[in-house]
Amino acid sequence: MAGARLYVLAVVEHPTRRVRILGATAHPTAGWVAQAARSLVMDLEDAGCAVKHLIRDRDGKYPTLFDAILADADITVVRSDVRMPRMNSIMQRWIHACRHELPDRTLIRNQTHLLHALREYERHHNQHRPQPGIANARPLRPLPEPITDPAALARLNAHRHDRLGGLLHDYENNRLTSTDEVFGTRKATAPLEDRRGPL
């Protein structure tokens, strides 16, 4: 992108840690930011999500229309204090992780490529990344049932799914049932000890 700067607007739901990427642009005009606020309100209404507050920084790129649109949806805008990153620490932590895992490791070609990478990162974060602040649950998935049976532990069938060309990894335990093995509906792989030696 020859050193071009792009601005990303994202929000995070504090109770679940779900991230929503609202967009990216090289020129965050008042109209663009206001449209992002309208889109956010519509998304929240469609999802049936009740939001009471939105914490934002004091950046001058937020027009008064941004706050007005949210106020019409009964969302109170709380501006963070000056030099108080801990006031919005959950978002700051996500920004740090996103910067470290995407732009620091990927050569972004253009705005379309950036939005594609951000959508994949959003999907990875919301569906697969455990969140320590909420007992290692994932934002859009409940915690899996614990496996306590030693025989079941010996038959784990873990699969890795790569995102963004292997930059991000999602892991799942695909349990093979007897019908899957008989009818071949799922490709069986060799047990871990056969492929990598004893664990």
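**Briefing on a predicted model**

Across the chain, pLDDT averages 82, and 86% of the residues score at least 70.

**Confidence along the chain**
- Over residues 176-199 the pLDDT stays under 50, and for this stretch the model has 17 contacts beyond four places in sequence.

**Helices H3 and H4**
- Helix H3 covers residues 89-101 and helix H4 covers residues 111-127, and their axes come within 12 Å of each other while crossing at roughly 125°.
- The crossing in which H3 passes H4 is right-handed.
- On the H3 side the contact is made by Trp 94, Ala 97, Cys 98 and Glu 101, while on the H4 side it is made by Leu 118, Tyr 121 and His 125.

**Aromatic pairs**
- The count of aromatic pairs in the model comes to two.
- One of them joins Tyr 62 and Phe 66, whose rings lie 4.9 Å apart from centre to centre, with 50° between the planes, and this pair is tilted.
- Tyr 62 has a relative accessibility of 21% and so counts as partly exposed, because buried means under 20% relative accessible area.
- Phe 66, the partner of Tyr 62 in the tilted pair, has a relative accessible area of 4% and is therefore buried.

Terms used
Residues are numbered from 1 along each chain as its sequence is written. This is a predicted model: local features need pLDDT of at least 70, side-chain atom pairs count only at pLDDT 80 or more; totals for chains, interfaces and linings use all residues. Side-chain values use heavy atoms; hydrogens and water are left out. Rings of Phe, Tyr and Trp (its six-membered ring) pair if their centres lie within 6.5 Å; planes under 30 degrees apart count as stacked, over 60 as edge-to-face and the rest as tilted. Buried means under 20% relative accessible area, exposed over 50%, partly exposed in between (1.4 Å probe, protein chains only). pLDDT is the predictor's confidence in each residue, from 0 to 100. Contact means heavy atoms within 4.5 Å. Axes are lines fitted to C-alpha atoms, for helices over the stretch in contact, and angles run from 0 to 180 degrees between N-to-C directions. Helices (H or I, at least four residues) and strands (E, at least two) are DSSP runs, numbered from the N terminus. A crossing is left-handed if the near helix is turned anticlockwise from the far one by less than a right angle, and right-handed if clockwise.
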